[in-house]
Amino acid sequence: MPLSHRPPTLVYAPLGRDAAIAAALLSEVGAHPRICPDLGGFIAALNEDACFAVVTEEALNDADLRPLAGFVAGQPAWSDLPFIVLTRSGGGPERNPAAARLSELLGNATFLERPFHPTTFASIARSALKARARQFEARMRIEQLHESEERLRTALAAGRLGSWELDMANGTLDISAAGKAVFGFPPEAALDFSAMLAAIHPQDRPAMVAVVDAALHAGTDFTLEYRTVWPDGGLHWAEVRARSVRDRRGVRLVGVCSDITDRRAAEDAMRRLNETLEERVAERTAALKQAHDAMLAEIGQREHAEELLRQAQKMEAVGQLTGGLAHDFNNLLAGISGNLELLAARARQGRIGELDRFITAAQAAAARAASLTHRLLAFSRRQTLDPKPTALNRLVAGMEELIARTVGPGIALETAGGEGLWNTLVDPNQLENALLNLCINARDAMPDGGSLRITTANRHLDAAEAALLELPPGAFVTLCVQDTGTGMTPEVMARAFDPFFTTKPVGAGTGLGLSMIYGFARQSGGQAHIESAPGQGTRICLFLPRHDGAVDDAALAAVPPAPPAQAGETVLVVDDEASVRMLVAEVLQDLGYAAIEAVDGPSGLAVLRSDARIDLMISDVGLPGGMNGRQLADAGRSLRPDLRVLFITGYAESAVMSQPAPGVRPDPGMQVMTKPFTLDALGARIRELINAPRRAAG
């Protein structure tokens with residue numbers, strides 16, 4: 001170890017060269033000499049860390065040695081500081097009274113008469129070094145023992161354990177304060193083994209005596225739980241653990257004890273709880289069953305009430321629908337029948353020049369009736385759509401002037417078409433109606449004017465976005481109409497697409513506008529989405545699926561006059577309504593076709609089984625006689641595989657034939673026209689079907 005850390009060897013030799021010579025010799029044997037100039041300094045330097053001391057006899061003669069004697073007497077048990085006393089004459093204590101006095105005072109003293117040989121001094125110094133080293137080692141072991149005992153006391157305190165030791169040779173019991181507390185005694189109480197046994201419950205005492213005897217004779221460990229009766233009469237539980245120890249001191253029992261009253265109380269409570277568990281489970285099960293039955297009864301009552309409410313709402317909706325339809329159709333029928341009566345009267349009077357006016361008015365009323373039925377089919381998502389590849393930017397641009405006139409000069413109209421906009425497959429006429437309706441709603445939401453913005457854009461919806469819109473992930477084209485109007489509350493926004501729901505005054509709206517737009521969007525494979533807040537305006541976006549097909553500009557042209565029939569071409573007309581059969585037959589005859597009429601499915605099938613030439617069959621869907629139009633068409637095609645069929649119906653196209661999958665063209669030899677229709681459109685469709693390519697054989 002470094003020299004500065006070695007225990008010092010004190011040298012007190014104030015006369016002559018004794019101190020210097022002693023210091024030199026001490027250094028040679030590995031000691032660390034420290035020369036003290038006077039007795040006060042020497043006594044002050046004496047402490048437990050000093051290695052040993054070298055003093056001269058004459059330095060201590062006639063001096064007050066009481067402080068030195070106090071140090072020697074006050075040393076701890078492990079310490080006995082060695083002294084080397086250098087004398088001049090007279091030898092050691094047996095021949096020198098002064099040396100004898102110093103020997104008694106210093107205790108562990110070695111006397112060396114001067115002059116001495118250096119090797120003699122070195123030998124004595126080495127012996128002192130070794131003796132003191134053994135003392136330092138004893139000190140270290142004692143300190144370690146004390147630290148270990150302190151850790152043990154800390155652990156016992158943390159575990160709420162008391163320690164005890166029973167010496168069987170003399171019957172003494174050494175027990176800690178925590179151990180006394182286990183038996184209900186204060187720390188200062190004197191507790192021997194008999195008192196400890198007396199504190200045990202009489203019924204448990206024999207068990208304690210038995211395990212103690214077994215441990216002493218067999219050397220076994222034991223653990224025992226028993227009841228204790230405290231001095232105040234309280235009943236507690238204790239746990240005792242002990243081990244038999246045999247050493248030079250004899251046979252002892254060393255152990256720990258703890259109060260387990262709380263634990264035993266918890267165990268007793270748990271045992272009682274388990275004993276009544278089955279009964280309590282049965283009671284709880286019965287209570288839960290009763291609550292469950294009551295809840296089911298309440299749910300049943302609620303479902304019944306909700307069903308009654310839904311039925312009432314349905315009846316209210318039906319009442320609104322029938323009342324509105326009756327009102328609208330009465331107005332339309334009045335216009336149609338009135339104009340037809342005037343038309344007949346003017347014809348009888350020969351006033352031919354006035355007929356066009358009445359014809360135009362009747363046709364306009366019929367067109368409004370057709371629009372109303374289309375709106376009804378749209379909100380039910382069962383209208384017959386005629387989807388075509390459509391460029392939204394071109395459609396919006398074509399309607400911009402009409403929208404501007406419709407919303408009026410008080411509203412600033414702005415359009416922004418997305419660049420590189422994809423096409424979409426929709427019915428362009430229905431989309432125009434939807435866009436116009438959205439703009440009209442936006443206008444009504446801005447009674448004091450504002451701004452209206454129409455935008456288009458490409459959108460790719462990931463799985464999360466698509467799930468929120470109830471759409472499949474993929475590419476969509478958006479058409480959005482945004483206004484700066486009054487906006488909607490969350491409650492109104494939640495019901496905006498409901499049929500017949502309107503916030504407009506009575507008579508100002510039917511409640512079918514937004515529901516028609518929603519139905520059209522869903523039927524087209526897309527979605528309608530509203531964003532709004534009171535005072536912040538409203539933004540409604542239509543999401544329509546992307547279509548990779550090109551726009552057919554020729555399909556946008558007006559329907560040309562129907563071309564005439566070729567020689568011998570014959571059309572079978574099947575309809576149970578005589579007026580419709582007559583109308584279609586008249587159109588066919590005007591175009592040069594031969595017409596064969598049938599009133600129901602069986603009679604139409606009979607014609608198909610004959611040898612008559614049939615180039616096309618025109619049939620209603622709903623036919624009497626047990627065979628509808630689709631069944632008739634299927635039966636006819638089994639007889640005539642190349643039979644062309646045109647359904648004319650007021651039903652939705654989905655009631656006749658399923659919509660083709662995206663990208664798959666429908667059967668060109670079977671088509672549907674929705675009533676009502678123009679005669680030119682009927683003639684053009686007849687010609688188109690007859691000229692359509694024949695189906696491949698097989």
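How many bridges join strand β21 to β22? Five bridges join β21 (residues 645–649) to β22, and the two strands run parallel.

## Basis

This is a predicted model, in which local features need pLDDT of at least 70 and side-chain atom pairs count only at pLDDT 80 or more, while totals for chains, interfaces and linings use all residues. Residues are numbered from 1 along each chain as its sequence is written, and side-chain values use heavy atoms, with hydrogens and water left out.

## Sheet

The open sheet has five strands in the order β19-β18-β20-β21-β22, with parallel pairing (strands pair if DSSP finds at least two bridges between them; strands are DSSP runs of E, at least two residues, and helices runs of H or I, at least four, numbered from the N terminus). At the edges, β19 (594–598) and β22 (670–674) each pair on one side only.

Helix α18 (residues 578–591) lies across β18 (570–574), β19, β20 (616–619) and β21, at about 165 degrees to β19 (axes are lines fitted to C-alpha atoms, for helices over the stretch in contact, with angles from 0 to 180 degrees between N-to-C directions). Helix α21 (residues 679–691) touches β20, β21 and β22 (contact means heavy atoms within 4.5 Å), and its direction makes about 175 degrees with that of β22.

## Nonpolar core

The largest nonpolar core has 35 residues; Ile403, Leu431, Leu435, Leu452, Ile454 and Leu542 touch the most other members (a core is a set of buried Ala, Val, Leu, Ile, Met, Phe, Trp, Tyr and Cys residues joined through side-chain atoms within 4.5 Å; buried means under 20% relative accessible area, with a 1.4 Å probe and protein chains only).

Conventions:
Buried < 20%, exposed > 50% of the residue type's maximum accessible area, 1.4 Å probe, protein only.
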